[in-house]
Amino acid sequence: MANYQSKAKSKVKRRIKNKIRKSPIIIAIVLVLAIIGVLLYMFGDKIGIDIFGGKKTGETAPKPNDGEVLFHFIDVGQGDAILVTTKSGNMLIDTGDLSDESRDSLDAYLSAAGVDSFEYVVFTHTDADHIGSADHVILEYNVKNVIMPDYVADTQVYERLLDALDEKNTNVILIGEDEKDCEQSGYTFYLGSMLNTVIAPTEDFNDPNEMSVVIKSTYGETSVMFTGDAEKESEEAILKTWKTSELKCDVLKVGHHGSDTSTTQEFLDAVAPKIAVISCGEGNKYGHPHKETLDKLEAAGVTVLRTDLEGHIVIKSDGRTITVVE
């Protein structure tokens, strides 16, 4: 297993490095960007630009210019698949599980939404109920960038994902502690005028759930947090790394399908969402969502929406207010 893991990790990182070696023009671009960066650092405050704001400093997203942004929590059974649509492009967070039914549900929803391309696809972690159709999405859709944790799984579904990334030569952004090959917590990227900040993982954990990539998407005055299957250890690390003001959001995608291993009281208090979305399958064998988690959310006065009860859930933001689409 160790030998396989070493090969798998080298495979992803070697491909990223090879892409850089094969593109000398990137060196010139980097130099130009470095010069621009220095100029912005020196004079940015005079023109209202802070290029370092996304690194745990509570950067404020620019004013909305994308009209309405839609957050689609797709009912794929016992798994996660979240679509974010803007006028500037789309983002997909996870792809559901390995079943044909889950994949068909994802494809049907994307087709109905008229989506065939993504600026970003985020694989929060390596569990099959989150990357079950990952290779399918990479191979069948136009994917510009993939964001995933620096964590290797000894599974066929993960190996197929790596093979698909190699075949399509997709740009991969790894999130982890290795500063040479990875971006760290605090990494930011934009989808139009929507600011997306990687909140976690903040450190290396020897557990796929705790290594979940957690993202907070801020559009104008509104925000949504996507947590994958992050559990107690990751939540505790997040609370140590980030200010409470940087964690507050309007909508929380509840971690680990509403399991009692996630959504600690301290984390819930810090995030203080108005709406919580739980993605889980009807009558699933895990008993998700757990009563303990539901009780916490109810006590906090949070509106709870569940894919096992409501089916597909769509929430829209105009940059000022969050509304559940009926």
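A crossover is called right-handed if, with the strands pointing away from the viewer, the path from the first strand over the helix to the second runs clockwise. The close-up views below are taken from a predicted model.

**View 1. The unit formed by E12, H10 and E13.** Strand E12, helix H10 and strand E13 make a right-handed β-α-β unit. Within this unit, E12 and E13 pair in the parallel sense, and four bridges join them. Just after H10, Gly301 takes a positive phi of about 75 degrees.

View 2. Helix H10 spans residues 291-299, and its buried residues are Thr293, Lys296 and Leu297. Seen down the axis of H10, these buried residues fall within an arc of 95 degrees, so they line one face of the helix. The cover over them includes helix H9 (265-271), strand E12 (275-278) and strand E13 (303-306). On the face of H10 turned away from the buried side, the exposed residues are Lys291, Glu298 and Ala299.

View 3. Strand E12 is covered on both faces. Ile275 and Val277 are buried on one side, and Ala276 and Ile278 are buried on the other. In a regular strand, side chains alternate between the two faces of the sheet. Strand E11 (residues 251-253) pairs with E12 in the parallel sense over three bridges. Ile275 in E12 is the bridge partner of Val251. Together with helix H9, strands E11 and E12 make a right-handed β-α-β unit.

View 4. Arg306 lies in strand E13. Is this residue buried or exposed? Its relative accessibility is 17%, and the cut-off for a buried residue is under 20%; Arg306 therefore counts as buried. The side chain of Arg306 makes a polar contact with the side chain of Asp308, at 2.7 Å. Leaving aside neighbours within four places in sequence, Arg306 is in contact with Ile278, Pro289, Leu294, Gly311 and Ile313. One of these residues, Ile278, is also among the buried residues of E12.

**View 5. The open sheet.** Seven strands form an open sheet with mixed pairing, in the order E7-E8-E9-E10-E11-E12-E13. Strand E7 (188-191) and E13 stand at the edges with a single partner strand each, so one side of each is left without a neighbour in the sheet. Neighbouring strands of this sheet are turned by 20 degrees against each other on average, direction ignored. Strands E8 and E9 run antiparallel and are joined by five bridges. In this pair, the bridge partner of Thr197 is Lys216 in E9.

**View 6. The buried side of helix H7.** Helix H7 covers residues 232-241, and its buried residues include Ser234, Glu235, Ala237 and Ile238. Around the axis, these residues cover an arc of only 160 degrees, which puts them on the same side of H7.

Definitions and conventions: Residues numbered from 1 in each chain as written. Predicted model: local features only at pLDDT ≥ 70, side-chain atom pairs only at ≥ 80, totals over all residues. Heavy atoms only, no water. Buried < 20%, exposed > 50% of the residue type's maximum accessible area, 1.4 Å probe, protein only. Helix = DSSP H or I, 4+ residues; strand = E, 2+ residues; numbered from the N terminus. Arc of directions from axis to C-beta. Contact = heavy atoms within 4.5 Å. Polar contact = N/O pair within 3.5 Å; in protein donor to acceptor, adjacent residues only side chain to side chain. Pairing = 2+ DSSP bridges. Axes fitted to C-alpha atoms, helices over the stretch in contact; angles between N-to-C directions.
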